[in-house]
Amino acid sequence: MTEKLVVPDIGDFEDVEVIEILVKEGDQIKVNDPVVTIESDKSSVEIPSTVSGKIENIAIKVGDKISKDDLLLNVSSSSKILDDKSIPKDTESIIKQAEAAMAQKKEETVISQEPVRKKEQSIIQVTKSGDIDPLETQDWLESLSAVISKNGNQRAHFLIKELINKAYREGANIPYTQNTPYINTIPPEAEVKSNGDQNIERRIRSLIRWNAAAMVVRANKKFPELGGHIGTFASAATLYDVGMNHFWRAKNNKFGGDLVYFQGHSAPGMYARAFLEGRLSEKQLDSFRQEVNTDGLSSYPHPWLMPKFWQFPTVSMGLGPMLAIYQARYMKYLINRGLIKDEGRKVWAFLGDGEMDEPESMGAIGLAAREKLDNLIFVINCNLQRLDGPVRGNGKIIQELEGSFRGSGWNVIKVIWGSYWDSLIANDKTGHLVKIMNETVDGEYQAMKARDGAYVREKFFGKYSETHELVSSLSDKDIWRLNRGGHDPHKVFAAYDKASKNQGSPTVIIAKTIKGYGMGKTGESVNTTHQTKKLDVDDLMYYRDRFDVPLSDEQVRNIEYFKPDDKSPEIKYLKERRLNLGGFLPERTTYAKPIKTPSKDIFDFMKVSTGEKEMSTTMALVRMLTNLLRDKNISPRLVPIIPDEARTFGMEGFFQKIGIYAHEGQKYEPEDAAQLSSYREDKSGQVLEEGINEAGAMSSWIAAATAYTNHDIEMIPIYIFYSMFGFQRVGDLAWAAGDSQARGFLIGATAGRTTLAGEGLQHQDGHSHLIASTIPNCVTYDPTFHYELAVIFREGMRRMHEKK
Amino acid sequence: MKKNENVFYYITTMNENYSHPEIPKDKKCEEGILKGMYKIKEYNEFKKTKIQLLGSGTILREMISAAEILQNDYQIDSEIWSVTSFNELRKDGMEVERYNLLNPDKDQKISYVDQCLGKTEGPIMAASDYMRMHSDQIRPYTNKSFYSLGTDGFGRSDTRKKLRKFFEVDKEHLVAYSLSVLAKEQLITSKYAKEAIKKYNINGERPMPTKL
């Protein structure tokens, strides 16, 4: 039988020109094969076939103007082929979703059947001011305790949720708080224990601490202008070490590797570890911040300066967290598009509590939860201090962050108190200790750590007679030893373990630490810690004693590094741990294969005159990309990134052809489903439609533009934006892209101060090229004609992506 | 095997519709496009006075129209250069100048800008849809007289034609500026410039667009 293929609904356009016919009479075609390309003055789209069979005749020719329902082809199809019709994509995805939903329900049932954990003690909250009937309160709390011990936490949580819902329906519009008490999220009895040798790990950590501090002090003794930081790493050493010894898997020929965004200011700690691993020499440590003439070490993580070591530039505050989120999202994109295997790789990002004040730091956390990035783990090192003073002197940064992240849908793990606190908290029958913990502000917490045990006894435990009594048997020294969670390897291990196993949401670990941990009176928890780069002899002696570094007084005076023999248990242990985890970190390598050269005709059509036909260079670019999408080698590697302006640029044809990436597929029928360029979302979609979000789009572009090293796959990202909202808006990210050795195309569309006519002052760009010229490895062009664009783009692909 | 280069590309594209010619037959054209400039057209009928016109982006088309007027109405010859990248030209110029200064005893290299323009006739006038500083970047790399036009100042909403008039990069202003440049270089008398300024209703006392 003969079937007619007619022009589908093409939206608001009529009399649109046929510019290309992609089939000929006698061809066999399948559903979704592109048949013709049509082009209005704004957009160019391919019309796909809706039938299968052999083309009997073609009813149109190039140059014809066509509208909806015009005949394109007659196709002869056997009924067999018709029967063969595959299930439409949407139906297929609906079935899949239904199946997934059922599986999920099953999982939930399993969770609720989890054996009930007997809780020995439960914390009873202290009477609050505003409690008009404490006895009634007590009744409710006891009922709750009974439910917990009988049916478990899940049931208790369910009941609380129901109560709140009921209250809400009855008109009590008081939202459920996002905060939990100021104690660890993981109770001691639920902590997973490390199988590591804690003594040897402490010795290794102490050596890394010592060498990290020594390299900064030595550099500044030589040249006081060099600067550097001791305090940041000192506060984060345990956080890094637990990861290095037990969690972070390196890239090797069997595994893609976890991606770790190290906090910029803690770079000396990474160098100190690489020194023990034998990857850096003593001479190199002595060249910290002296990169010009020697094989020096960069001040902060800079892949441009240490291309075999650093993977991610993180020191521009706030960019690390955002880049990490989009990196995790891009990893899922590659997996969902079938370009890399799902190996359970993780993205870890280390951030500072002060850094979280950058809007960029928190700006994308909603996306991370929405996209269910369970491959992402943030570790926020809360040492309570920024450069000038406390991060939140009058409040509590940990509680604030907890609320923001939980409110955005993250899995939050607070690591506040170390193991020495466990028994005190367990014995806090009246709840007064937790009450003090909740009431004490960060300014006080910081001040206490700058003093001593007696001060803490008086100012902290002394607030209530109950808590004063609680520590009556402890000496001042014991009180001083009460540690913070971020310095306790057991607590950190348990948190990392839980984070690694979390599914369905990103995790943030909020760890409380002390800035300048172990630096003594000069540097511990004092407002000037961040700038500390010199330690006098007394401080150094204190530091040595504090961490039992086996150096003589003389060696300390000379600020010698300490590296045990390669056969020592410490070095053997350290290397063995890394061997078990696949190799060393950080390390930057690339094994990506170049992309095959595209065929010449893809560009040749742009070298002939367009005749009478007028078009913009944006349009010419879209036509070129449409052609590139037909090249089977190039097509899968193209990553079009658009911040909600696809229609402005005439790119809506891409929606149907390659789909918009959406990790959940498309759960609805789009309003324009009947149209040719309907808004098609797909789990394996190719377009990254970022919404009105240039910073996010640029972060995605950087992830794609560095996939050749982070995922060993060469990709061609093309980020198209209003030229005015490019470098001017995301200049710092563009700078980071240069540092990262990004490869790809940035297209500043609707460019030119007088060419983008009606839009006015904020939109008309007359300087983006000048900003672009500040980045040394950015190559820029302002072409006029289509053939110029073709020659430039072709050469860009050759230089960046193809085999030489 | 040479490694893939760690560079990234920034290319501007426009939304103005116009027809596009075929690529010039000259074999060196593609090389010029990539290096940053190539000659796209030449008017050579009168062989009296000549000017070098450099245009970039959409303003190249204004420059081509201006050259036609200069030829037809004023008997001025010109060579029109499509500048695809002032930035790339500057990079080459910097590198060549640096090398020459550090190697005074060796054969002196010639910047690509100078290779293109060094032996041409007449002063140079450049214009783009960007600030003057954009085209000014190549000024140090040629010894010839060099004038820049551009869109310095805040943009505002209006038609392309009016905006180009406002920023003085439309074909009429380009003609008037060309004639004035040639007069300043004492290649023609100033009466042509005065005439053109009057003809196109250009007000010489108008404040700089950066102040408007």
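Author: Two strands are said to pair if DSSP finds at least two bridges between them. The model discussed here is predicted. With that cut-off, S18(A) and S19(A) pair: five bridges join these strands, which run parallel. One of the bridges links A:Tyr722 to its partner A:Ala749 in S19(A).

S18(A) covers residues 716–722 of chain A, and seven of its seven residues are buried. S14(A), residues 638–642, also pairs with S18(A), in the parallel sense and over four bridges. There A:Val639 stands opposite A:Pro717 of S18(A).

S19(A) leads on to the other chain. Four bridges join S19(A) to strand S1 of chain B, residues 8–12, and these two strands run parallel as well. In this pairing A:Gly748 is set opposite B:Thr12. S1(B) pairs in turn with S20(A), again in the parallel sense and over four bridges, with A:Thr780 opposite B:Tyr10.

Put together, six strands form an open sheet with parallel pairing, in the order S17(A)-S14(A)-S18(A)-S19(A)-S1(B)-S20(A).

Now the contact between the chains as a whole. In total, 80 residues of chain A are in contact with 65 residues of chain B. Between them the two chains bury about 6400 Å², with 56% of this on carbon and sulfur atoms. A:Thr754, A:Tyr781 and A:Asp782 supply 12% of the area that chain A buries against chain B, which is more than any other three residues.

As for polar links, the count is 60 residue pairs in polar contact between chain A and chain B, with both residues at pLDDT 80 or more. The elements that give two or more residues to chain A's side are helices H25 (617–628), H29 (727–739), H30 (768–772) and H31 (786–801), together with strands S19 (745–749) and S20 (778–781). H31(A) gives the most to this side, with twelve residues. By class, the side of chain A that touches chain B has 34 nonpolar, 29 polar and 17 charged residues. Two salt bridges are found across the interface. One salt bridge is between the side chains of A:Arg799 and B:Glu5, at 2.8 Å from N to O.

A separate point in chain A concerns a lysine. A:Lys414 lies in strand S12(A), residues 411–415. The relative accessibility of A:Lys414 is 1%, so this residue counts as buried, the cut-off being under 20%. Its side chain makes a polar contact with the side chain of A:Gln399 at 2.7 Å, and another with the side chain of A:Thr180 at 3.0 Å. Leaving aside neighbours within four places in sequence, A:Lys414 is in contact with residues including A:Pro181, A:Tyr182, A:Ile398, A:Glu402 and A:Ile510.

Definitions and conventions:
Residues are numbered from 1 along each chain as its sequence is written. Chains are lettered from A and ligands numbered from 1 in the order in which they are written. This is a predicted model: local features need pLDDT of at least 70, side-chain atom pairs count only at pLDDT 80 or more; totals for chains, interfaces and linings use all residues. Side-chain values use heavy atoms; hydrogens and water are left out. Contact means heavy atoms within 4.5 Å. Buried area is the accessible area (1.4 Å probe) that two parts lose on being put together, summed over both. A salt bridge is a side-chain nitrogen of Lys or Arg within 4 Å of a carboxyl oxygen of Asp or Glu. A polar contact is a pair of N or O atoms within 3.5 Å; within protein, one must be able to donate a hydrogen and the other to accept it, and residues adjacent in sequence count only if both atoms are side-chain atoms. Ala, Val, Leu, Ile, Met, Phe, Trp, Tyr, Cys and Pro count as nonpolar, Asp, Glu, Lys and Arg as charged, and the others, Gly among them, as polar. Buried means under 20% relative accessible area, exposed over 50%, partly exposed in between (1.4 Å probe, protein chains only).
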